[in-house]
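Student: I am new to this structure. Can we go through its labels and see what stands behind each one?
Tutor: Gladly; here it is.

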Amino acid sequence: MKQHVASLIFASLILITGGSVHATEAAIPIEQFTSKDRFSTPRLSPDGKHIAVTTQMQQGGRSIPIITIYALPDMKAVGMLRLHIFEVPLNYLWLTNTRLVLRKGLELGELEQPVSTGEIIAFDLDGTNQEYLFGYDMFRSSSRGDRLDDDHGYARINGVPLPRNSHVFLSAQEWDRDRSKLYDVDSKKAHRKTLADIAAPRLQFVQQRNSVPRFAYGWDDKNEPVLYRLDDVSGQWRLTPPIPKQTTIPFHFTMDDSAFFATHAVNGGPEALVREELASGKRVVLAQDPVADLSSVMYDANEMPFAVSHQLGRTRAIYLDANSADARLHKQLSASFPDEHVRFINFTDDGTTLLFSVYSDRDPGSYYLYDKASNKAELLYSTMPGIDPDRMAERRPIAFKARDGLQLHGYLTMPKHAPGVKLPLVVMPHGGPHGVYDTWSFDSDAQFLASRGYAVLQVNFRGSGGRGETFIRAGYRQWGEKIQDDILDGLAAVIAEGEVDAGRVCSYGASFGAYSAMMLTIRAPGTFKCAIGYAGVYELRLFKEEDDARRHKYIRHAYQDYIGENNKELDAISPSRLADRIKVPVLLVHGDKDKTAPPEHAELMRKALVRAGNTPQWMMAQNEGHGFYMTKNATAFYQQLESFLAEHIGK
């Protein structure tokens, strides 16, 4: 059962105490799956006396994110920062023990990551002394707006100087001049000092431990990687000549600045973690996998990488030095949570207190504070306290070969069931499709469907992320063909195992997954009993008409890579043009304010199905974007999804 109170005590091993109330076996209420995480994105203050957490406040039927500052250890709220409607905190960190900095974003919908507004603000832990540091509203909102005027660009938080002094480094891009700059900003007075200025767009700076900027990396208009390096002799930024079939992206420096850590890929293969000497260029591979990218770097008390995560199959940690103190601590904590993944978030500056999280395929996640002096770890909170992991379904990693021999992976979420009983199956392609991928961690959609008795198949088809650039590019111009074949090959492999009913299969997806849900029924007639599309893209010609595609060269080039621009070819893989070949019941769900997949996609799909004599079930939610934020709308969708599946493949 899920632990709501826990204490970890180190002796020869770690003991966990606590308990919870046994749940009844009644159906889990839909609201437990549709409610947003009550708490998220915790950040421990440098002295360990406070923690900043994004909390959710209900207003007008939707959850509004608010940054709340709690005093430790009693979790008493001492400060709060609330943003404007639809604004969300993208990232925030502590500058000092009493001051924080925040990067703002805008909600696009539950299925889409919020987009940056380009604004950076700073504030004290009690929510006062706010200062606008960068953004389009500089003149009106900043104490120095009359001198700096509005910024025509957007900024990211690049880090903080050590020792801490209320300053913050901002990496800024000017969209009107295609320039990238690095600033040292006084968070209390908004004074800026330019540390770097490069005549190239969309670059992210990498600084040494002594704060000197050394690298800047990004992608050009053709989405090819570029890397700049500061030349000490001339003081100029030099574009590093690309090495054929190799990509190196620095991200962190060693304590003495003599070397840096970077991701390194050869021939478009999976990214490895390397350490490279700054002067000699000598490179050492610290961790790599022949198939999967290594990601989610974990840092020790000195802010040095000590482990990376492996996301292929079940999430696991790979240690750079298995005998290091932090690797040993991580292994001890992991031994106390044998069916979960432990992730270090951050230490206090003196290294005595650690904030870490624990999650699994069945557990949405919990957060703990570990104190080295007492050898205790106390539970702070669980993200979805209404979810009992013991009642959730196992997410089994699967592997199989596509019809052309390509090795593929995915997950099969299997509810508990009696031996010999074959379960109905929902095939659920992920969105994206390029660079996105399914992982072993808790998935609300999959667990909701499993709670209703359905097995759920998710395939990381070619084009997905997590396996290198070559694997991503293998999905280009294959939206309606090889990507769908990969999913169908995964379905065939699962059916062959004998636990699912081949006669009761439906397709369901969101965004690109909705596109795929329709295309699967076209690609494999007779295989599926129904199809559900949520916030889907169905008419590919519309991509050519989007404002962003016209305005930004790199976005336009990406669409050319993904699907091309030939209308005849686009029509041949657009579900809205092939509706007469969809012979199963369809449910279409969309938001009328969706900017990622405008509602015209759903409207064209519905009209085409009606013309084909297959009128779909329909839900157009008011004032919703790319995925539903309103709890009532998300709940209504799940209710409709549940009844639709029950009608067509239920018991």
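Student: Where does P73 lie?
Tutor: P73 lies in the loop between β5 (62-71) and β6 (76-82). Helices (H or I, at least four residues) and strands (E, at least two) are DSSP runs, numbered from the N terminus. Residues are numbered from 1 along each chain as its sequence is written. This is a predicted model, so local features need pLDDT of at least 70 and side-chain atom pairs count only at pLDDT 80 or more, while totals for chains, interfaces and linings use all residues; side-chain values use heavy atoms, with hydrogens and water left out.

Student: What kind of peptide bond joins L72 and P73?
Tutor: A cis bond, with omega at about 10°. L162 and P163 are also joined by a cis peptide bond, and there omega is about 0°. P163 sits in the loop between β11 (153-159) and β12 (167-174).

Student: How do you know that β11 and β12 pair?
Tutor: Two strands pair if DSSP finds at least two bridges between them. β11 and β12 are joined by 6 bridges, and they run antiparallel. Y154 stands opposite Q173 in β12.

Student: Which strand does β12 pair with over 8 bridges?
Tutor: Strand β13 (residues 179-186), again in the antiparallel sense. There V168 stands opposite V185.

Student: Why is β12 called largely enclosed?
Tutor: Buried means under 20% relative accessible area, exposed over 50%, and partly exposed in between (1.4 Å probe, protein chains only). In β12, 7 of the 8 residues are buried, so the rest of the structure largely encloses this strand.

Student: What makes C506 and C530 a disulfide?
Tutor: The rule asks for a pair of cysteine sulfur atoms within 2.5 Å. For C506 and C530 the S to S distance is 1.6 Å, so the pair qualifies under that definition. The link is right-handed, with 115° about the S-S bond. C506 is in strand β34 (residues 500-510) and C530 in strand β35 (residues 530-534), so the pair, 24 residues apart, links distant parts of the chain.

Student: How many disulfides does the rule give?
Tutor: The count comes to 1 disulfide.

Student: Are its cysteines buried or exposed?
Tutor: C506 has 0% relative accessibility, so C506 counts as buried. C530 is buried too, because its relative accessible area is 0%.

Student: Why is R202 called partly exposed?
Tutor: Because its relative accessible area is 22%, R202 falls in the middle class. R202 is found in the loop between β14 (192-198) and β15 (204-207). Its phi is positive, near 60°, and R202 is not a glycine.

Student: What makes R477 partly exposed?
Tutor: R477 has a relative accessible area of 45%, so R477 is partly exposed. R477 lies in the loop between α6 (469-473) and α7 (482-496). R477 has a positive phi of about 60°, although R477 is not a glycine.

Student: Which residues of helix α5 are buried?
Tutor: In α5 (residues 444-451) they are A446, Q447, F448, L449 and A450.

Student: What reaches the backbone nitrogen of D445 at the start of α5?
Tutor: A side-chain oxygen of D443, to within 3.0 Å. Just after α5, G453 takes a positive phi of about 100°.

Methods: A polar contact is a pair of N or O atoms within 3.5 Å; within protein, one must be able to donate a hydrogen and the other to accept it, and residues adjacent in sequence count only if both atoms are side-chain atoms.
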